[in-house]
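The following exercises ask the reader to work through a protein chain step by step. Each task is followed by a worked solution.

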Amino acid sequence: MAMKSEPGAELACKAHNKVFEKIERGIISHYAAKTMAQATTIVSWVSMINEMSGKDFSRGLITDLEKPSLQIIGDLSAKLPGEPSK
């Protein structure tokens, strides 16, 4: 998984930080950590990150600029290690 960028603008991508639960974290890291335990594949993980960050965007907790824009690089069928939690 990597940040998505327009062709030729790869070096312009910048990940942002934000205070979540009184602790400053990387925005992508925050959503990745919150969703990983339920994910089974890289595709489901990115989907869960998009869903959770989309809900936070709708509630005004993050801005459009802060909303993660991710792409999957590599094998789309890759499984994540371990068993998903419920």
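Strands are DSSP runs of E with at least two residues, numbered from the N terminus. The model used here is predicted.

**Exercise 1. Determine where I73 lies and whether I73 is buried or exposed.**

Solution. Step 1: the strand to consider is β4, which covers 70-71, and I73 lies in the segment after this strand. Step 2: a residue counts as exposed over 50% relative accessible area. Step 3: I73 has a relative accessibility of 60%, and therefore I73 counts as exposed. Step 4: I73 can also be placed relative to I42, which is 31 residues apart from I73 along the chain; their C-alpha atoms are separated by 9.7 Å.

**Exercise 2. State how many helices and strands the chain has, and in which order the elements run.**

Solution. Step 1: a count gives two helices and four strands. Step 2: read from the N terminus, the order is β-β-β-α-α-β. Step 3: of the 86 residues in the chain, 24% are buried.

**Exercise 3. Describe how helices α1 and α2 cross and which residues meet there.**

Solution. Step 1: α1 spans residues 27-36 and α2 spans residues 42-58; their axes come within 9 Å and cross at roughly 120°. Step 2: this angle makes α1 oblique to α2. Step 3: the handedness of the crossing is right-handed. Step 4: on the α1 side, the residues are Y31, A32, K34, T35 and M36, and they meet W45, M48, I49, M52, S53 and D56 of α2. Step 5: sorted by class, this contact has seven nonpolar, two polar and two charged residues.

**Exercise 4. Decide whether D56 is buried or exposed, and name the residues that D56 touches.**

Solution. Step 1: D56 belongs to helix α2. Step 2: buried means under 20% relative accessible area. Step 3: the relative accessible area of D56 is 10%, so D56 is buried. Step 4: when residues up to four places away in sequence are not counted, D56 touches Y31, L61 and I62.

**Exercise 5. Identify the residues of the largest nonpolar core and the element that gives the most to this core.**

Solution. Step 1: the largest nonpolar core has twelve residues, namely F20, I27, Y31, A32, A39, I42, W45, V46, I49, I62, L70 and L80. Step 2: the elements that give two or more residues to this core are α1 and α2. Step 3: the most comes from α2, with four residues.

Definitions and conventions. Residues numbered from 1 in each chain as written. Predicted model: local features only at pLDDT ≥ 70, side-chain atom pairs only at ≥ 80, totals over all residues. Heavy atoms only, no water. Axes fitted to C-alpha atoms, helices over the stretch in contact; angles between N-to-C directions. Parallel < 35°, antiparallel > 145°, perpendicular 65-115°, else oblique. Left-handed = near helix turned anticlockwise from the far one by under 90°. Contact = heavy atoms within 4.5 Å. Nonpolar A, V, L, I, M, F, W, Y, C, P; charged D, E, K, R; others polar. Core = buried A, V, L, I, M, F, W, Y, C linked by side-chain atoms within 4.5 Å. Buried < 20%, exposed > 50% of the residue type's maximum accessible area, 1.4 Å probe, protein only.
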